[in-house]
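Please look at how the strands in this structure pair with one another, and work through the questions below one at a time.

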Amino acid sequence: MKRKIFMAVNDVNINKGGINSVMFSRTHLFDNDKYSTALVTLDDKTNYPEIEKQLKYEGRIAETSEVINIFEYYRNKFTRGEVNEEIRAQYERNLQREEEGYHYQLDGKVARYFDNGRYVKYKRWDDEGRLRVVDYFSEIRVRIEREIYHIDGYLLQKETYHPSNNKVTQIHYYTKEGFCYLSRWFNHNTGKPQRIVLFSPDRQEAKVFPSNLEFHASFLEELCDLEEVKPIIICDGPGTSPKVQQIPAEKAIRIYTIHTNHLLEPYTIGSEVKPDVKHVLNNKDEDAPIVVLTNRQKIDIETQFSDRKWNIHVISNVAESELQVTKKHLNRVVTISRYNSEKRLDLLIQAFKKTVEVVPDAELHIYGDGPQKDALKKLIADLKLRKSVKLLPYTNDVFTKLSEGLFTVITSIYEGQSLVILEAMTQKVPAISFKVNYLVRELTDGTTGKVVPNGDIDALAEAMTDWLYTPEKALEVGEHAYQVVNEKYTRERQYQEWHELFEQEIAKQN
């Protein structure tokens, strides 16, 4: 009988890399006769069935895997029928752009409705013309309620708002036939949950949880109870660890992961631990296994916190891909990154300005998205780099885009190991990076790329200029990077390390 591996995180999405990519890869890793997998999420996005379908269509998660979202789980569990005529009629009424008794203003996919001059209602449709949102307004034009609809034509959620600041006070969640299976109460000043109430159509007594901690832990424990063989829970989101820690040891084998640098600035040994990672390191179960990506990070944790016993395992990210058949541009640098401040893309762009002065036809293509997008656009314009530097949309075709460049650049303040570096190595693309904790070991050894002093724009510019001016150097390092990744970062090697950890924990608990 297969043992279920639950991978718990707050959310997954199609256009997310990093931790999500690692989890997606694991679904293929454990797709065999010993294990089955599920991605477990705790947020309330309404389109998880579509997300799962798309991820499988793109081959990013195994066909045998599944995405189990807490809200989808209880909606399905407490559904007793189909959409009834009353609910369908309500949806059809709201679906119409033109409503009798109202004047309206249509603006593309949204419309605003007026009752004798007073603004009372707002609607939004998706690209396929399906109704998604209806907002209702008070006499003083304050939103008082929002209805969120499923693409299949029934009410999913109803939100109510506090009149003083338009913040959510309650969210009610519904099954297809209109049964409210869950209610969440919020403090309208802080936004923090105050109470979660779970309702079953089969009993009158409601189940009340004082916070997300108890609600999420109860859900995870319920998933474990459904398994005939004790499951394994890999806690991939550090914020999820307090909930996983609530699960009794007799119900699941609990494993915690750290995907990034665990320390605050200056991100080196002796620094304070990040608040969310404290939950992982302060686990009351001192014998709980923790998985990190590099041996250097393992040593730093054991050294800095030598007063306790640790059960730390080093299991690298895996990077496997066939060489993409693309045209390699010897004048192009390709970077894939979130547009966040910790990625320091502004330093990369400033350094590239110096490189272009020596190599005028050099190109920098940056794929991603994030809150710094507008600021980066302005920087590119201010430096007169519009022809040389391109901010391009987020891509799921990482290997193809990387293969088109001569090399990639990492300018993060910190890394857990850098999955992008490994992905680039599979395409014979070397990396240049600032010297930060914690990078792919061979990069710091100088055998798969270059490391320059942290934050040194001139040194980064010089390194990029060197490879762009003499691309044969980068091509040679790329060939060696390709050999290293195929020797040390294979799926088989990672599977064996995970399997040995599982067997160790199973034996220990037995």
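Q: In which sense do E21 and strand E22 pair?
A: In general, strands of a sheet pair through backbone hydrogen bonds, and the pairing may be either parallel or antiparallel. In this predicted model, E21 is joined to strand E22, residues 431-434, over 3 bridges. The sense of this pairing is parallel.

Q: Which residue in E22 stands opposite Val-409?
A: Strand E21 covers 408-410, and E22 covers residues 431-434. Across this pair, the residue in E22 that stands opposite Val-409 is Ile-432.

Q: Why is one side of strand E21 and of strand E23 left without a neighbour in the sheet?
A: The open sheet has 3 strands in the order E21-E22-E23, with parallel pairing. Strand E21 and strand E23 (449-452) therefore leave one side of each without a neighbour, because they stand at the edges, each with a single partner strand.

Q: How many degrees does the twist average from one strand to the next in this sheet?
A: The sheet in question is the open one, ordered E21-E22-E23. From one strand to the next, its twist averages 15 degrees.

Q: Which residue takes a positive phi in the hairpin of E4 and E5?
A: Strand E4 (residues 103-107) and strand E5 (residues 110-115) run antiparallel and are joined by 5 bridges, with Leu-106 having Ala-111 in E5 as its bridge partner. There are 2 residues between the strands, and the one with a positive phi, near 65 degrees, is Gly-108.

Q: How many bridges join E5 to strand E6?
A: E5 and E6 form a hairpin with 2 residues between them, and Asn-116 in the turn has a positive phi of about 55 degrees. Phe-114 stands opposite Tyr-119 in E6. E5 and strand E6, residues 118-125, run antiparallel, and the number of bridges joining them is 6.

Methods:
Residues are numbered from 1 along each chain as its sequence is written. This is a predicted model: local features need pLDDT of at least 70, side-chain atom pairs count only at pLDDT 80 or more; totals for chains, interfaces and linings use all residues. Side-chain values use heavy atoms; hydrogens and water are left out. Two strands pair if DSSP finds at least two bridges between them. Helices (H or I, at least four residues) and strands (E, at least two) are DSSP runs, numbered from the N terminus. Axes are lines fitted to C-alpha atoms, for helices over the stretch in contact, and angles run from 0 to 180 degrees between N-to-C directions.
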